[in-house]
Amino acid sequence: MKHLYFMPGMAASPLIFEHIHLPEDEFSMHFLSWEIPYEKESLSDYALRMTQKIKHSSPVLIGVSFGGVLVQEMARHITVDQLVIISSVKSKRELPRRMKLSRKLKLYKILPTRLIGNIDKVAKYVFGVTAKHRVELYKKYLAMNEVVYLDWALEKMICWDQKEPPIDLIHIHGDADRVFPFRYIEGCIRVPGGTHIMILAKHRWFNENLPKILSENA
């Protein structure tokens, strides 16, 4: 039995995994949630704190978007069986130009105050969508809209400094991702037509393929 721990994307709820159904005789699924960071808490310290929620030895960590960055940091503190990121990045080289520019000009310091109170802007930044008729849907999946969290998360994402990806990391990425464009991504399992929210929109693909991917890369 493999114990799979799922980490949602920035500000998102574990509900983003509600349509993921894997064989229960092979996999036990566990879901992690974001916590409010401590004042000036580093990403490494936050990741260490999150490992306290892991109740099984040598788990499989699966993270979406910024959650994919977090599980890579968590894997520095504990032994994992497998490490999977979805719609995410595995080194600072894969960050899009706008994030690199934001880092250089420190624009991330003014972003959160513009996002708070505007669900459409939050949905656009977190999920990569703009269609207003979908805002109600995304309200369901946004769990964290505290300024202190968004301040912290945006800075840690944009200023993430990992140079080389972990060995044997499994990267699943959609070729229509607008948050982390596919052209910047190196060495991944390509999902045709997959957007930044493909964990929702293409859940059938994951239900069919994720067990095979985990088995083939064991």
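Student: What does the secondary structure of the protein chain come to?

Tutor: Please note that this is a predicted model. The protein chain has nine helices and six strands. Of its 218 residues, 50% are buried. Among contacts between residues at least 6 apart in sequence, 65% join residues at least 24 apart.

Student: How should I read a nonpolar core, and which residues have the most contacts inside the largest one?

Tutor: In general, nonpolar side chains of soluble globular proteins tend to be buried together. In this structure the largest nonpolar core has 36 residues, and Phe66, Leu70, Met74 and Tyr149 have the most contacts inside it. Two or more residues come from each of strand 1 (2-7), helix 1 (43-50), helix 2 (66-74), strand 4 (82-86) and helix 7 (147-158). Helix 7 gives the most, with seven residues.

Student: Which residues does Leu70 touch, leaving aside those up to four places away in sequence?

Tutor: Leu70 touches Met7, Trp34, Leu43, Tyr46, Ala47 and Met50. There is also a second, separate core of 24 residues, which includes Phe6, Ile20, Leu22 and Phe27.

Student: How many aromatic pairs are found in the whole structure?

Tutor: A search finds 10 of them. An aromatic pair is read from the distance between ring centres and the angle between ring planes. For Tyr46 and Trp152 the centres are 4.4 Å apart and the planes are at 40°, so this pair is tilted. It joins distant parts of the chain, since Tyr46 is in helix 1 and Trp152 is in helix 7, 106 residues apart.

Student: Are Tyr46 and Trp152 buried or exposed?

Tutor: Both Tyr46 and Trp152 are buried. They also belong to a cluster in which ring pairs link Trp34, Tyr46, Phe66, Tyr149 and Trp152. A ring may also have a charged group over its face: here Arg49 lies over the face of Tyr38, at 3.8 Å from the ring centre.

Student: How are helix 1 and helix 2 placed relative to each other?

Tutor: Two packed helices are described by the angle between their axes and the distance between the axes. Helix 1 and helix 2 pack at an angle of about 80°, with axes 8 Å apart. They are therefore roughly perpendicular to each other. Helix 1 makes the contact through Leu43, Ser44, Tyr46, Ala47 and Met50, and helix 2 through Phe66, Val69, Leu70, Glu73 and Met74.

How values were computed
Residues numbered from 1 in each chain as written. Predicted model: local features only at pLDDT ≥ 70, side-chain atom pairs only at ≥ 80, totals over all residues. Heavy atoms only, no water. Core = buried A, V, L, I, M, F, W, Y, C linked by side-chain atoms within 4.5 Å. Buried < 20%, exposed > 50% of the residue type's maximum accessible area, 1.4 Å probe, protein only. Helix = DSSP H or I, 4+ residues; strand = E, 2+ residues; numbered from the N terminus. Contact = heavy atoms within 4.5 Å. Phe/Tyr/Trp six-rings, centres within 6.5 Å; stacked < 30°, edge-to-face > 60°. Lys NZ or Arg CZ within 6 Å of the ring centre and 35° of its normal. Axes fitted to C-alpha atoms, helices over the stretch in contact; angles between N-to-C directions. Parallel < 35°, antiparallel > 145°, perpendicular 65-115°, else oblique.
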